[in-house]
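Work through the exercises below with the structure open beside you. Try each task before reading its solution.

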Amino acid sequence: QVQLVESGGGLVQPGGSLRLSCSASGFTFSMYTMSWYRQAPGKERELVGRINFSGGSTNLADSVKGRFTISRDNVKNTVYLQMNSLKPEDTAVYYCKALGYGTWGPGTQVTVSS
């Protein structure tokens, strides 16, 4: 079955960087658009960005544009979220998801605080 496992979260100071990874299995990864979402305490889950099946096209939410980038490795079945210039409002649990599947991974916590 579809499995998604996010990793790479942690505590970082404002202005710092983190790279999140999402390892996928149970489906043909290279054929699917992958998305990153996040959910902050007390808020609804929101879309951070998407990357198409080949990695040739990405879309990012306005709130992270210019700071975050999404990439993927279709050999390793992994999608990445590079987060730079982190702000306290980026604090959330981050999830990846394959477009067309309802499966969510456990997420990885990102906390931006001094």
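Buried means under 20% relative accessible area, exposed means over 50%, and partly exposed lies in between. Keep in mind that this is a predicted model.

**Exercise 1. Decide whether N77, S85 and S21 are buried, partly exposed or exposed.**

Step 1. Locate N77. It sits in the loop between strand 7 (68–73) and strand 8 (78–83).
Step 2. Apply the cut-offs. N77 has a relative accessibility of 24%, so it counts as partly exposed.
Step 3. Move to S85, in the loop between strand 8 and strand 9 (92–98). Its relative accessible area is 42%, so S85 is partly exposed.
Step 4. Turn to S21, which lies in strand 3. Its relative accessibility is 16%, so S21 counts as buried.
Step 5. List what touches S21, leaving aside neighbours within four places in sequence. The contacts are V5, E6, S7, W36, T78, V79 and Y80.

**Exercise 2. Find the positive phi values of N77, S85, G42 and G55.**

Step 1. Start with the residues that are not glycine. N77 has a positive phi of about 55°. For S85, phi is near 50°.
Step 2. Go on to G42. Its phi is positive, near 75°, in the hairpin of strand 4 and strand 5, where six residues lie between the strands.
Step 3. Finish with G55. Here phi is positive and near 90°, in the hairpin of strand 5 and strand 6, again with six residues between the strands.

**Exercise 3. Sort the faces of strand 7 and describe its pairing with strand 8.**

Step 1. Separate the faces. F68, I70 and R72 make up the covered face. T69, S71 and D73 make up the uncovered one.
Step 2. Count the bridges to strand 8. There are six, and the strands run antiparallel.
Step 3. Pick a pair. T69 has Q82 in strand 8 as its bridge partner.

**Exercise 4. Describe the largest nonpolar core and the contacts of Y94.**

Step 1. In soluble globular proteins, nonpolar side chains tend to be buried together.
Step 2. Name the suppliers. Strand 3 (18–25), strand 4 (34–39), strand 5 (46–51), strand 7, strand 8, strand 9 and strand 10 (108–112) each give at least two residues.
Step 3. Follow Y94. Leaving aside neighbours within four places in sequence, its contacts include W36, F68, L81 and M83. E6, L20 and V110 are also among them.

Terms used:
Residues are numbered from 1 along each chain as its sequence is written. This is a predicted model: local features need pLDDT of at least 70, side-chain atom pairs count only at pLDDT 80 or more; totals for chains, interfaces and linings use all residues. Side-chain values use heavy atoms; hydrogens and water are left out. Helices (H or I, at least four residues) and strands (E, at least two) are DSSP runs, numbered from the N terminus. Buried means under 20% relative accessible area, exposed over 50%, partly exposed in between (1.4 Å probe, protein chains only). A nonpolar core is a set of buried Ala, Val, Leu, Ile, Met, Phe, Trp, Tyr and Cys residues joined through side-chain atoms within 4.5 Å. Contact means heavy atoms within 4.5 Å. Two strands pair if DSSP finds at least two bridges between them.
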